[in-house]
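Here's a quick look at how two chains meet. Have the structure open while you read.

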Amino acid sequence: MDLVERIRSGNKRTLSKLITEVEYDTETGREALRELYKYTGNAHVVGITGSPGVGKSTLVARIVKELRKREISVGVVAVDPSSPFTGGAILGDRIRMQELACDPEVFIRSVSSSAGTVGRTTKNIIRVLDAAGKDVIVIETIGAGQVDLDVLNVADTKVIVLMPESGDEIQMIKAGLLEIGDVYVINKADLENAARTKSQLSLAIKERDGWIPEIVMTIATSGEGVEKLVDAIFAHKKHLEDSSNLRKGRLEAVKSEVVEILVEKLKMRFYEKFSNARYSDIFEQVLDKELDPFTAAELIEKEEGL
Amino acid sequence: MKKGKNIRVLIAKPGLDGHDRGAKVLARACRDAGMEVIYTGIRQSPEQIVETALQEDVDVIGLSILSGAHMSIIPRILELLNESGIGDIPVIVGGIIPPDDVEELKRRGVKAIFGPGSSVNEIVEFIKSIT
Ligand SMILES: Nc1nc2c(ncn2[C@@H]2O[C@H](COP(=O)(O)OP(=O)(O)OP(=O)(O)O)[C@@H](O)[C@H]2O)c(=O)[nH]1
Ligand SMILES: [Mg+2]
């Protein structure tokens, strides 16, 4: 059997090894992605984000359980931050998901966000899981900073998880997450201030592209509200399909991906060009203040006929 | 292992006891040594451990075991690893294990066993040496 067949038939070892190749952006990984590409695009990708400790992993485990009850196969990608110095990481999201470890229709993979390319990596890991036939793919990521937004942007449905807050203003307003969520979850609804947080939130979120973000209250530890949450996710999926926004959104994503690949190639080509001595004069002149960097760039542009 | 790739270690606690201090200390030491640690917590069944190793494509499996049930649990894990086609992943064990059992487990394929006197550094160095 060739690689594509083994992936399509659900061979977990092949799948797992390929994800590693894709994660490290190897030749083998890229070659496989080329071949698998035509089998992708069937899975619905759900991004789950929120501050550390709001209950994302516990919630993901519950969501997966609910999906399995509906006989939907699931892939999970759990992204955890890693040390920028050592590259090391403790990937602990799985602790809350181990009950699902032995379900043949569930595949869970932990990824460390060491590289700045985790957005692209996650996208390609999703493609592999998608080609392997998973119906829904859930990504967990901490909602802070550009890295997480890159990861979240690959999701069709973005779920923002909050917890009850006592303050007047919801923390997430500052983080800019109130503009991007399709579904909002107030988890830990068993704690104080849940209703209050919900009403504050409902004032803050607005309709976008004909969709009013839904707010769902959950208690991930008991499973309460999770059925409603999964319904809300599917309602958003249906909205995307009906409104042609799904195609529009994915077209935008494809465009920026191809452009990104091109830019990267061009960049490499330029670096190679400049590593020879041809323009070293110009660089020296900039260093000696005989030229400014802008004029220098213009000179090179002209010289290269750009 | 591939060059430039981080070592991925699964640290799991099979058996029924809930003492995970040792496992956590090792997890942190591995992280500080630049490894990616898949930490699954306590009370893991052999099936869960092997499935996790399979899905996470780990380079090493570290088992922390105190419950005394090691002679039933560890051979079962080794057997399942072989059945799943990942018998090549080295397994190391930390815990209190009588010398006779140590020999027997090694004979069955456990790469190394670290008793209560071992330092985490020693374990980290060993993991580096076999990956
Ligand atoms: N009271 C209460 N506690 C909860 C609820 N959901 C999760 N928790 C607890 O919150 C803690 C953190 O849960 P996780 O699921 O690990 O949270 P997380 O957002 O994935 O955390 P990170 O991945 O570390 O950012 C755990 O102790 C959970 O048991 C809930 O609905 N109510
Ligand atoms: Mg988590």
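A salt bridge here means a side-chain nitrogen of Lys or Arg within 4 Å of a carboxyl oxygen of Asp or Glu. Keep in mind that this is a predicted model. With that rule, you get 4 salt bridges across the interface of chain A and chain B. One of them joins the side chains of B:Glu56 and A:Arg94, at 2.7 Å from N to O.

Now for the overall tally of the interface.

| What is counted | Value |
|---|---|
| Residues from chain A in the contact | 29 residues |
| Residues from chain B in the contact | 30 residues |
| Salt bridges between chain A and chain B | 4 salt bridges |
| Polar contacts between chain A and chain B, both residues at pLDDT 80 or more | 24 residue pairs |

Which elements of chain A supply at least two residues each to the side that touches chain B? They are α2 (12-23), β3 (89-91) and β4 (106-112). Of these, α2(A) brings the largest share, with 7 residues. Sort that side of chain A by class and you find 10 nonpolar, 11 polar and 8 charged residues.

As for area, about 2400 Å² is buried between chain A and chain B, and carbon and sulfur atoms give 50% of that.

β3(A) lines up with strand β2 (residues 36-44) of chain B in the parallel sense, over 3 bridges. To find the spot on screen, pick A:Ile90, whose bridge partner in β2(B) is B:Val37.

Methods:
Residues are numbered from 1 along each chain as its sequence is written. Chains are lettered from A and ligands numbered from 1 in the order in which they are written. This is a predicted model: local features need pLDDT of at least 70, side-chain atom pairs count only at pLDDT 80 or more; totals for chains, interfaces and linings use all residues. Side-chain values use heavy atoms; hydrogens and water are left out. Contact means heavy atoms within 4.5 Å. Buried area is the accessible area (1.4 Å probe) that two parts lose on being put together, summed over both. A polar contact is a pair of N or O atoms within 3.5 Å; within protein, one must be able to donate a hydrogen and the other to accept it, and residues adjacent in sequence count only if both atoms are side-chain atoms. Helices (H or I, at least four residues) and strands (E, at least two) are DSSP runs, numbered from the N terminus. Ala, Val, Leu, Ile, Met, Phe, Trp, Tyr, Cys and Pro count as nonpolar, Asp, Glu, Lys and Arg as charged, and the others, Gly among them, as polar. Two strands pair if DSSP finds at least two bridges between them.
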